[in-house]
Amino acid sequence: MSNLLEKLRQADNTYALYPENKKTLVGFSGGADSMALLHALTRYLGRENIAAVHINHMLRGADADADERFCEQYCRENGIEIYVRRVDVNAVCCGKGFEETARNVRYEIFEKIARETGCATVSLAHTADDNLETVIFHLCRGAGAAGLSGIPPKRPLRELAVVRPFIDCTREDILAYLAENGLSHRTDATNDDITYTRNFIRGRIVPLMREINPEVSRTARNASAAIAALSAHIEKEAETLVGEDAKEYPLARLREMDDALLYATANRLYQNAGGRALPAENAKKLIAYLKEGKRGAVFSLPNGIIAEVRGDHLRLLTGAKEAHTSIEEIPLTLGENR
């Protein structure tokens, strides 16, 4: 078994990626990583358990069309079912949030085709190098534990799962596998455009880090995994304390917690109220207020959620149209009050 296939098998055993006798939908761009993934999974799971999807974002004209034809031809010649979708991302995003829009479109398509074809998982070809770039990107933006946890090997997509069996592999592993098996691939010329933040990280920052440590992708992956494990443990503690439905929690118990558990608990309350993840800036203000031991404040949070520090509890309320931040209840007496 090749080095890459062995790492794929180890990832499957470690992260429980592939249910037995279930199909997986492989994101197939035609690039080096996705080509190696499609080929390796065909050998590992069997052709009958593989389907491929290629998404043409209609951004690079003839080059994008050539990528599409390349992917279709490879799958046709190798007996792999492939689904091609075209989406004009520029038209969809209307000039706003381009990268996020493109990502959302991709995942909507992945989920839809996976359901239609009876796939239990969506396989993507992210590597340890991609993880390093992601961690640097999040670090520059001021991310917390979730951002520094990097790219997860497995995450839910409703009742499906997105899996990344190459997350512990490097670019060198990929290129060696392609050469070993005589596999060609497409190259996206825009990957060299350093006006994009991720390309700047890949082309300028990562090479400097490799001068310090040539194994930086592996060490960053190990650090991400450690942070993710610690974060998951704290989140589990918060989930146990709060439960799945509670939207309030006693102030006295919150003030006994360290900041990490306090944030996780507030985040769990926020999610129970309908939020996704409590932004760090909002959490920082809320935690600082709780630590002061005061009562009588209302905090505006994203998604129309407010946090009230009243009586003996922190309560999160949904459907709030407007709220003010840190407004204390001040008793007024007869006469002039400032």
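The questions below concern helix and strand packing in a predicted model.

Reader: Why is helix α2 called roughly parallel to helix α3?

Author: The axes of α2 (residues 32–45) and α3 (residues 62–77) cross at roughly 15 degrees. Angles under 35 degrees count as roughly parallel, so α2 is roughly parallel to α3. The two axes come within 13 Å, and the crossing is right-handed.

Reader: Which residues make the contact of α2 with α3?

Author: Met35, Leu38 and His39 contribute from α2, and Phe70, Tyr74 and Cys75 from α3. Contact here means heavy atoms within 4.5 Å.

Reader: How many residues of this contact are nonpolar, polar or charged?

Author: By class, five are nonpolar, one is polar and none is charged. Tyr and Cys count as nonpolar under the definition used.

Reader: What makes β3 and β5 the edge strands of the sheet?

Author: The open sheet has six strands in the order β3-β2-β1-β4-β6-β5, with mixed pairing. Strands β3 (81–86) and β5 (154–157) each pair on one side only, and they are therefore its edges. Neighbouring strands are turned by 25 degrees against each other on average, direction ignored.

Reader: How do you know that β4 and β6 pair?

Author: Pairing requires at least two bridges. Strand β4 (residues 119–123) and strand β6 (residues 160–163) are joined by three, so they pair; the two run parallel. In one of these strands, β6, valine 163 is the bridge partner of serine 123.

Reader: Where does α2 pack on the sheet?

Author: Helix α2 touches β1 (23–27), β2 (50–56) and β4, and its direction makes about 165 degrees with that of β1. Angles over 145 degrees count as roughly antiparallel, so α2 and β1 fall in that class.

How values were computed. Residues are numbered from 1 along each chain as its sequence is written. This is a predicted model: local features need pLDDT of at least 70, side-chain atom pairs count only at pLDDT 80 or more; totals for chains, interfaces and linings use all residues. Side-chain values use heavy atoms; hydrogens and water are left out. Axes are lines fitted to C-alpha atoms, for helices over the stretch in contact, and angles run from 0 to 180 degrees between N-to-C directions. Helices (H or I, at least four residues) and strands (E, at least two) are DSSP runs, numbered from the N terminus. Angles under 35 degrees count as roughly parallel, over 145 as roughly antiparallel, 65 to 115 as roughly perpendicular and the rest as oblique. A crossing is left-handed if the near helix is turned anticlockwise from the far one by less than a right angle, and right-handed if clockwise.
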